[in-house]
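Biologist: I have a structure open and I'd like to learn how to read it. Could you walk me through a few features?

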Amino acid sequence: MQTQGPWWKRTTTYQIYPRSFSDANGDGIGDLRGVIDKLDYLQALGVETLWLSPFFQSPQADFGYDISDHYAIAAEYGSLTDVRELIDRVHARGMKIVLDMVLNHTSSAHPWFLASQRSRDAPMRDWYIWRDGKEPDGKAPPNNWRSMLGGSGWHYAPATGQWFFASFLGFQPDLNYRNPAVKTAMLDVVRHWLAAGIDGLRLDIFNAIFKDESFADNPFSWRPAPSESNPHGFFQRHVHTIDHPDTLAFARELRAVVDGFTDPPRFLVGEVFGNAETLKRYCGEAADGLHLVFLFETLSARLRGHAVREMIRGFEDAFPEPFSPTFVLGNHDRPRSIHRVKGDRERAKLLAALQLTVRGVPFIYYGEEIGMPNHDMPLHEGLDPVAARFRLIPQWMVGWFRRRGILLNRDECRSPMLWNAARNAGFAPDKATPWLPIHPDSPATNVAAQAAHPDSLLWCYRHLLALRRAEPALQDGALSWLEMPTLPDDVVAYRRSLAGVADHAVDVFLNFSNREVALDLHAYAGRSCYATRRGEHGPVPNARALGAWEAMIIFDAETAQKHEGPGVSSEAFADSLDG
Ligand code: GLC
C-alpha cells in the first residue's frame, strides 16, 4: 500500500507579492494587514500554502530582495506583531505560510556591509567577497565574472581601492559563505524564522551561494542570453559562479537545519536554474538536499500535446518518488501566464488544469486565478531596478528578451491585484495613489466580477483546487499515461492514482488544439467529471466531445461529493470577498 507523502508534497501554493496584494492602511503600498484581510478569500479560493515575497527591513531598491535587517519588518509592510498575527491566523485556518529568504546577498545598506566596506582590515571585511583589481593599477575587475544580468559582477569601491562581487545588482553584494561566521549568521536567521512558526522557505537565487575559490575566469560561450533550461549567457559559461559543488553541499546542510523542526515538518524550495538534471542535484542524491526546486521549463514549454508530454516525461524521469517536481506558470519576475495564451481564458483554464492535476507541487502567482494581464509600461518609467539597468537598450531588444520569457521591466507583472471595479480596483482605498498604476482592464478583469460567473477562470481555479483537496490521488499519486490510440496527439491524457489509500484513480484529458475531439466515455459510467469550458460538473455522460483547449477530469462519486460540498458553494465564496 502506498502511503501519502508529507504535507508539503501534497500542498498547493499561492505566491503573494505583498507590495501589490492589498493595501490596508491607504498609503498605496500593499501590507501585511492587507494580506490578513484577504485570508477569507484565499481560503475560499482553496489554496493551502502562502508564499510571501520578502517584507523584511530593506531600502526597497529591489523591493525587498535587498534586505538590511533579517530580523525586522519594513515599516511600510507592518510590524513584527503583524507577522505573528499573520502566521497565527494562517495556521488557525489549517493553512501554511512560507517566507522568501535571500541568503545569497544583502542590501549594501546592511550594517554588515557598511562595516565591511570601511577599510581593508575591517573586522567584517571578509563577510563579503573583496578582491584586488587586475594589475598594474587594480582599476580593472579581478576577473571576467559577469552578474546574472550581464555586465561585470564586480564593483569598485574607491575608498579601499578593491572590488566586491554581486551576482545580481551592485547594491546587493554577495555574502562570503567561505567565512564560517557568515554561514552561522545566516543559518541563525533561518532558525529564527522557523522557530517563529513559518512552514518553509523559498530560497532566492540559491544557485549562486558559493563561488569558486580559484577566482579563475569563466569560459567564453556563444550564448547571448540565459534561458529556462540553461542559465549560461551574456557570452559566458558561469561555471565558477553558479551551481558550485559547495552550494550543493550547503543545500544538505540547510536541509539538516530545517529537519530539526519537526512539528510540523518544514520545507525548502530553491530558485535555481538549468536543465532537470542540474536542478535535481540540489535535492540531493539521497533526497537530503532542498525539498523542492522550481522547474521553470513550465514557463516556456510549447503548448502543444507533444511538447507538454515531453516536459512531463522529463519531470517524471528526473523527479521520481521520493522527489517531487514543481509546477510554475508565473512569478514576480516573469511575464504573466495569460500572455502565453494570448489572453484566452479558456486556454488559461487548460493550463490551470494541467498545473493542478499533474504530479508536482503547484505554485500559483497572485492574480493568475483571474487571468490578470501584464501591465505594459515603458522601460524608462520602470521602478524595477532591472528596468533601470537596461533602460538604454532599444525597444526591439525588450521584445527579444520578452519572447524568451525575460521581463526587463518587472513592474509589468507586479501591478496591484484587481479585486473589484472600484477606482483602485479594491487594492487600496479610492483616495490612495497605488505604488504602481492599476491595470486599465480592472473594470472587466477582477475577482468580484469573476466570482459572479460560475464559468469564469476564477471558478475554474476553485473547482480544480477543491478537486485536488478532495482527491489524494491528485495530491501525490503516481502519474501514468492513458494509452488510447484513437486520441489525437494534441490530447494529453494521464491517470493519477494512489494505490491502497483509496481504490480509485483520476483520469485527465487535456486538449491542446483548436479541434473538438470525440471522447468515448462508456468505460466511465457511474463516475463523475469536471470540464473546464463551461465549468460543468456531474455524472460522466456516455459521449461528449472535448472542446478546443478544454480539460476534462474524471473521478469517482466519493470525490465528487467532497468536491461539490460546502467547499465550493457560491455563498461561501461571495462571503469571503466581503472580508
Ligand atoms: C531573484 C528574485 C528577484 C530578485 C533577485 C535578486 O531572482 O526572484 O526578484 O530581484 O533574485 O534577489
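Predicted model: local features only at pLDDT ≥ 70, side-chain atom pairs only at ≥ 80, totals over all residues.

Biologist: Let's start with the ligand. Which residues are closest to the ligand?

Modeller: The ligand is surrounded by 13 residues, and the closest are Asp 62, Asp 204, Glu 271, His 332 and Asp 333. Then look at polar atom pairs. The side chain of Asp 62 has an N or O atom 2.5 Å from a ligand oxygen. For Glu 271, a polar side-chain atom sits 2.9 Å from an oxygen of the ligand, and for His 105 that distance to a ligand oxygen is 3.0 Å.

Biologist: And how much of the ligand's area does the protein bury?

Modeller: On its own the ligand exposes 310 Å², and the protein buries 98% of that.

Biologist: Now a side chain. Is Thr 445 buried or exposed?

Modeller: Buried means under 20% relative accessible area. Thr 445 has 3%, so it counts as buried. You'll find Thr 445 in the loop between helix H12 (395–403) and helix H13 (447–451). Its side chain makes a polar contact of 2.9 Å with the side chain of Arg 345. Leaving out residues up to four places away in sequence, Thr 445 touches Arg 345, Ile 370, Gly 371, Met 372, Pro 373, Leu 418 and Gln 450.

Biologist: What should I look for in the backbone?

Modeller: Most residues other than glycine have a negative phi, and most peptide bonds are trans. So departures from that are what to flag. Phe 63 has a positive phi, near 45°, and lies in the loop between strand S3 (56–57) and strand S4 (69–73). Ala 425 has a positive phi too, about 55°, and sits in the loop between H12 and H13.

Biologist: Are Phe 63 and Ala 425 buried or exposed?

Modeller: Phe 63 is buried because its relative accessibility is 8%, and Ala 425 is buried because its value is 0%.

Biologist: Where are the cis peptide bonds?

Modeller: One runs from Glu 135 to Pro 136, with omega near 10°; Pro 136 is in the loop between strand S6 (130–131) and strand S7 (154–157). Another runs from Glu 321 to Pro 322, with omega near 5°, and Pro 322 is in the loop between helix H9 (305–318) and strand S12 (326–328).

Biologist: Last one: which residues form the nonpolar surface patch?

Modeller: Phe 220, Trp 222 and Phe 235, with about 430 Å² of accessible area together. Phe 220 counts as exposed because its relative accessible area is 52%, and exposed means over 50%. Look for Phe 220 in the loop between strand S9 (200–203) and helix H7 (245–259).

Notes: Residues numbered from 1 in each chain as written. Heavy atoms only, no water. Patch = residues over 30% accessible without salt bridge, like charges linked within 9 Å, V, L, I, M, F, W, Y side chains within 5 Å. Areas by Shrake-Rupley, 256 points an atom, 1.4 Å probe, with all protein chains shown as cover. Salt bridge = Lys/Arg side-chain N within 4 Å of Asp/Glu carboxyl O. Helix = DSSP H or I, 4+ residues; strand = E, 2+ residues; numbered from the N terminus. Buried < 20%, exposed > 50% of the residue type's maximum accessible area, 1.4 Å probe, protein only. Near = heavy atom within 4 Å. Polar contact = N/O pair within 3.5 Å; in protein donor to acceptor, adjacent residues only side chain to side chain. Contact = heavy atoms within 4.5 Å.
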